[in-house]
Amino acid sequence: MKLTPILIAAALVAGCSGSTPAPPPPAAATPKIPLSSMPRVDAARLLEHTRQLSADEFEGRFPGSAGEERTVQYLTSEFQKLGLQPGNTDGSYIQKVPLVGITGAEAKPLVVTGKGRTTFKWRDEVVAWTKHVADTAAIEDSDLVFVGYGVVAPEYQWDDFKGADLKGKTIVVLVNDPQVADPSDASKLDARTFNGPAMTYYGRWTYKFEEAARRGAAGALIIHETGPAGYPFAVVQGNLGEKFDLVTPDKNMSRASIEGWLSLDAAKRLLKIAGHDFDALKKQATTRDFKPVELGLKASLAVKNVMRTIDSRNVIARLDGSDPQLKNEYIVYTAHWDHFGIGVPVNGDKIYNGALDNASGVAAMLEMARAMTQVKPGPKRSIVFLAVTAEEQGLLGSQYYAVTPIYPLAKTLANINVDGINQWGRTKDITVIGLGASDLDDYLRDAAAEQSRTLRPDPEAEKGFYYRSDHFNFAKQGVPALYTDNGVEFIGKPAEYAKQKRDEYTNRDYHAPSDEVKPDWDLAGAVEDTELMVAVGYRVANADKFPEWKPGNEFRAKREEMIKK
Ligand SMILES: [Zn+2]
């Protein structure tokens, strides 16, 4: 769930983003339009797009399905109605995204030998797959090694591997970052190590598998814990359907043969068989002295694949900038259109409608596009609206765009991403995922102030949301990216309301068939958030300089290098 903004300051001249009174702008500069004079966003339209896209007829919008066809048609037709140009240089609204879809199934169960012989139950205890584009993949009597958090982070003087040879072995690894206590207050996490409670990329499951591949491991099994992962095991089990990947030249053979997860109970059992205690090992893993622990056990597991390749589609449209020079520079709005399609029934419902995630974000992007076509004068730079595919499969559509961009990234000022909107009413604040990353936050702060609202850092930074939606692929390539989320101070609601509603959504509806439009939705807050995103994008589009990453940000060097070329 998220949203995104950007904005430029009052002082177009000085290029400062504060609220300092500025000298009158030069004649060429566009006077800043106050937010209150910008085109309004309509809650009824937001809701209507959301309803349409999440209707059962869209079949949960799975890549490659009839639901994709319907979704692509809907988006193309909406972009056309808004008078937007085809976003692809071939004159179409489509960027093809070649994907391989792999449906894995257990061929041989996970059997652990060495101290007796133990079989782990598929789906209940172990969820696994292979990224190899091959009919089968297996680990066979592969040595099991507990590698703690499986992290190598020179900037934190951290190395969980200590040179251990993991070739052909199977790592058992904890999810999230090493949870290092603050030396002066053991009840808190050390802010200087892995950002305290905020999750860094080292904590993401994708990192664990990437690191396993770099080490030449044959297998990687992540121990699932609901808190540190940020979602329950049921979400992991949801991975057992068809999974997509971009098609790489090596057919993903450089990945570990088997990637997967163990339920916490299964992991505890496994470690116990090896004569270890989970909590004790986990504790060791929070220190720099940690060394990989050979478990003295061997694992075997085989999966078989059913595969197909498809061209899925990003849907893309462009509003041409009004300035003859600046129109060759871009602001890119993104929202993923895909969800999980038709899957395992829950309470008799098998359609994963994805109303909030992310029919609502696409709806918001369509309304941002409408507002952007209405604002007078039109934005100087061009605005690109990109509805990406396969976010739920690992941010694949946005990865494809970011690696194969239609508009040069060096001329792309910003990405503003929306993944889920606020359906619980107005807030006094707005959350910025990764607050402080770039100048875009300053634009947002100024615009929010015009709504008498404030910015707030991610209250759940430990869940790593910064790495969990499409803006991350732009950031990874160096483009400043803005990704916001609901505020937490709901007007007229008790303080615990936000957390209550959020937990309710995470536990009941997140990636479940019950993510549907609910009768109690109140989009008044979403309207304000959406108007904010429009203002930010518009102001960046008219700004006299590019927004930058803040000093010390992990993506800044990449951007500087790109701009220099
Ligand atoms: Zn989403």
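In the predicted model described here, the zinc ion has as its protein donors H336 (NE2), D357 (OD), D419 (OD) and D419 (OD), lying 1.9 to 2.4 Å from it, where donors are N, O and S atoms within 2.8 Å of the metal (3.2 Å for Na, K and Ca) and where sites may look incomplete, since water is not among the atoms. Local features are given at pLDDT of at least 70, side-chain atom pairs count only at pLDDT 80 or more, and totals for chains, interfaces and linings use all residues. Residues are numbered from 1 along each chain as its sequence is written, and side-chain values use heavy atoms, with hydrogens and water left out.

Along the sequence, the donor residues follow the spacing H-x20-D-x61-D. D357 belongs to helix α8 (residues 355-374), whereas D419 is placed in the loop between β19 (412-417) and β20 (429-432), so the pair ties together parts that are 62 residues apart in sequence; helices (H or I, at least four residues) and strands (E, at least two) are DSSP runs, numbered from the N terminus. D357 and D419 are both buried, a term that denotes under 20% relative accessible area, with exposed meaning over 50% and partly exposed in between (1.4 Å probe, protein chains only).

Aromatic pairs number 24 in the structure, a pair being counted if the ring centres of Phe, Tyr or Trp (its six-membered ring) lie within 6.5 Å, with planes under 30 degrees apart classed as stacked, over 60 as edge-to-face and the rest as tilted. The rings of F62 and F244 have centres 5.6 Å apart and planes at 50°, so this pair is tilted. It links distant parts of the chain, with F62 in the loop between α1 (43-53) and α2 (66-81) and F244 in strand β12 (residues 243-246), 182 residues apart; both F62 and F244 are buried. An edge-to-face pair is formed by F490 and Y497, at 5.2 Å centre to centre and with 70° between the planes. F490 is buried at a relative accessible area of 5%, and Y497 likewise counts as buried, at 13%. The charged end of K493 sits over the ring of Y497, 4.8 Å from its centre, the criterion being NZ of Lys or CZ of Arg within 6 Å of the ring centre and within 35 degrees of the ring normal. R70 lies over the face of F58, at 5.9 Å from the ring centre. One aromatic cluster includes Y156, W158, F194, Y466 and W549.

H224 is located in the loop between β11 (219-223) and α4 (226-229) and counts as buried at 3% relative accessibility. A polar atom of the H224 side chain lies 2.8 Å from the backbone oxygen of Y231, and the side chain of H224 also reaches the backbone nitrogen of F233 at 3.5 Å. Apart from residues up to four places away in sequence, H224 touches A229, Y231, P232, F233, V236, W261, L262, S263 and L264, contact meaning heavy atoms within 4.5 Å. E225, in the loop between β11 and α4, is buried with a relative accessible area of 10%. With neighbours within four places in sequence set aside, E225 is in contact with L174, V175, L264, F278 and K282.

How values were computed:
A polar contact is a pair of N or O atoms within 3.5 Å; within protein, one must be able to donate a hydrogen and the other to accept it, and residues adjacent in sequence count only if both atoms are side-chain atoms.
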